[in-house]
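Hi,

Here is the structure I promised to pass on. Have a look at it first, then read my notes below.

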Amino acid sequence: MTDIAIETEGLTKQFGGFYAVQGVNLQVKRHTIHALIGPNGAGKSTCFNLITKFLQPSSGKIRLNGQDITTTKPAALARRGMVRSFQISSVFPHLTCAENVRVALQRQMHNSFKFWKPESVLHELDDEVDEILKSVGLWDMRGAMAVELSYGRKRLLELATTLALKPEVLLFDEPMAGMSTGDIQMVVDLIRKAAEGRTVLMVEHNMGVVADLSDTITVLQRGQVLAEGSYEEVSNNPEVRAAYMGGHA
Amino acid sequence: MASKTSGNWKGWAQFAVAIAALIVLPFFLYPVFLAKVLCFALFAAAFNLLLGFAGLLSFGHAAFFGFSAYVSAHAAKEWGFTPELAILAGTVVAAFLGAVIGLLAIRRQGIYFAMVTLALAQMVFFICIQAPFTHGEDGIQGVPRGHFLGIVDLESNFAIYYFVLAVFLIGVMVIYRTVHSPFGQVLKSIRENEPRAISLGYDADRYKLMAFILSATIAGMAGSTKVLVFKLASLTDVAWQMSGEVVLMTILGGVGTMLGPIVGASIIVTMQNYLAEVGQLTLIIQGLVFMFCVLLFRRGIVGEIKHRWTQMRGGKDEPAHLSPGKATGETDGAPVTHG
Ligand SMILES: Nc1ncnc2c1ncn2[C@@H]1O[C@H](COP(=O)(O)OP(=O)(O)OP(=O)(O)O)[C@@H](O)[C@H]1O
Ligand SMILES: [Mg+2]
């Protein structure tokens, strides 16, 4: 096996005549935390959608552990150990918190087509569900519908659901968006812990978090890679500074 | 956990009372009418499995109900099948038909799904007009009710009622089990948030197809059973209006609740029965009642009662059921298409 977990080659996505992502070559090393940053509209989420196959690239190749996944279906990719979260909190609103996590765990039981079995067979997952909910501080909300949670807690629930799968490769699209300062520290710790022995690719606007967590940073601008390197290298890059000043002014 | 077990106990008690009521009901009301109600209630419950728990609005369920009716009628009349085998034949055919129509429609989203199912159901309708075995405008008449297991004569109206009740209970139990199963859990997650379910590794289309086939199968079972009650299979059962009627029953009673479609079907069938004299006016009155109910109870009758009840007790909605979620939102266009 190569030591590159995710690799893209000339990744390109066109919407009409507009290039949202253009010729991106990305290499995410195994067991590292890699951040994707850039101004709004740079194409970060599009990149995520391409890598996780929620969008089909216009051209270019994507590899997972050296194997071509350019035509793999998104659900199959998840079963191969690459799981993503979404930029806008993505929970199952009218399921309880416990059920949200349990649905993720359920897949490993290989019973998800069994319509003749009682739901009670899923109770064997209860302990694991409880433990996962405790790790994000949502255990006392386990019976509440996800729709009733505050935004920050929905994000925590989503994170818990993602981590429940123990995926080999994790993709987070702005995991800290809409979280309180206290929760951010908890999520940073959770991601750092989850990243042990795993590969993480994340999009994040909070530079403190990016500096704290990432081994490598790739800066995107207008669909193209502008710079890549450690936090020091990237933050001292004059082009990156200009892009950020321009992007926010 | 204690409240959960007591809830279960209460559930069983309610279930027992309901069964007892269903058993004594034909002593007070005309059994054939009651049997008709049960057939439509099962049809609506099958439809609700798809709309309420998979979030898919099919506008072609008459195809399964009506085509199975023909199959069951033909099997009973021409091949001399016993009633349970005739129903089985209709049900199996509905499963296959469901697989074919489902495969063609399942990738479409929202209103496109409804349109594709409608178009395919219309094709089934035209086959039923053209095929010789359906006898065109006449339909298949004089279908014998036969002997259950070759022994029990179903010719009496009481006998047929209890037979239909048994079929109804089997169908509803299959639906209940499906909704409360590992499969049902995944199905609900897909209804709630399809991209998220996919990102967890579930091939949403395969689960939706499975739900579609199950729903079609039970709809076919309901149609096959209705044939034995009325000794008749006709084009009415396979026409698009029937697809509309089942949407109406389900929404009226409450999408995504176990009891809602049953209540909705009872109301509509009763109304049609008592309004039969006024002829064409029936449709207008039905439409008005429907509009009135939808405006007043957005969740349907049962959905609304449940919602008020849980609010009154300051509790939360039961996890297994959907109140105002995505599925009901998607059905908002349905009455327009129907009217
Ligand atoms: N489905 C689509 N159709 C057309 N244009 C799209 C589509 N999705 C994204 N875009 C465009 O592609 C560009 C990149 O969008 P993307 O969401 O990837 O940006 P981003 O880097 O994630 O931004 P943000 O920081 O705001 O999340 C934007 O200009 C966006 O308008
Ligand atoms: Mg984005």
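Start with the metal: Ser45(A) (OG) and Gln87(A) (OE1) coordinate the magnesium ion (ligand 2) at 1.9 to 2.2 Å. Donors here are N, O and S atoms within 2.8 Å of the metal (3.2 Å for Na, K and Ca), and water is not among the atoms, so sites may look incomplete. Ser45(A) sits in helix H1 (residues 44-51) of chain A and Gln87(A) in the loop between strand E6 (82-84) and helix H3 (97-106) of chain A, so the pair ties together parts that are 42 residues apart in sequence. Helices (H or I, at least four residues) and strands (E, at least two) are DSSP runs, numbered from the N terminus.

This is a predicted model, where local features need pLDDT of at least 70 and side-chain atom pairs count only at pLDDT 80 or more, while totals for chains, interfaces and linings use all residues. Residues are numbered from 1 along each chain as its sequence is written, chains are lettered from A and ligands numbered from 1 in the order in which they are written, and side-chain values use heavy atoms, leaving out hydrogens and water.

Next, chain A has an open sheet of four strands, ordered E2-E1-E4-E5 with antiparallel pairing (two strands pair if DSSP finds at least two bridges between them). Its edge strands, E2 (18-29) and E5 (67-68) of chain A, each pair on one side only. Strand E1 (residues 4-15) of chain A is joined to E2(A) by eight bridges, and Lys13(A) stands opposite Val21(A) in E2(A).

Cheers
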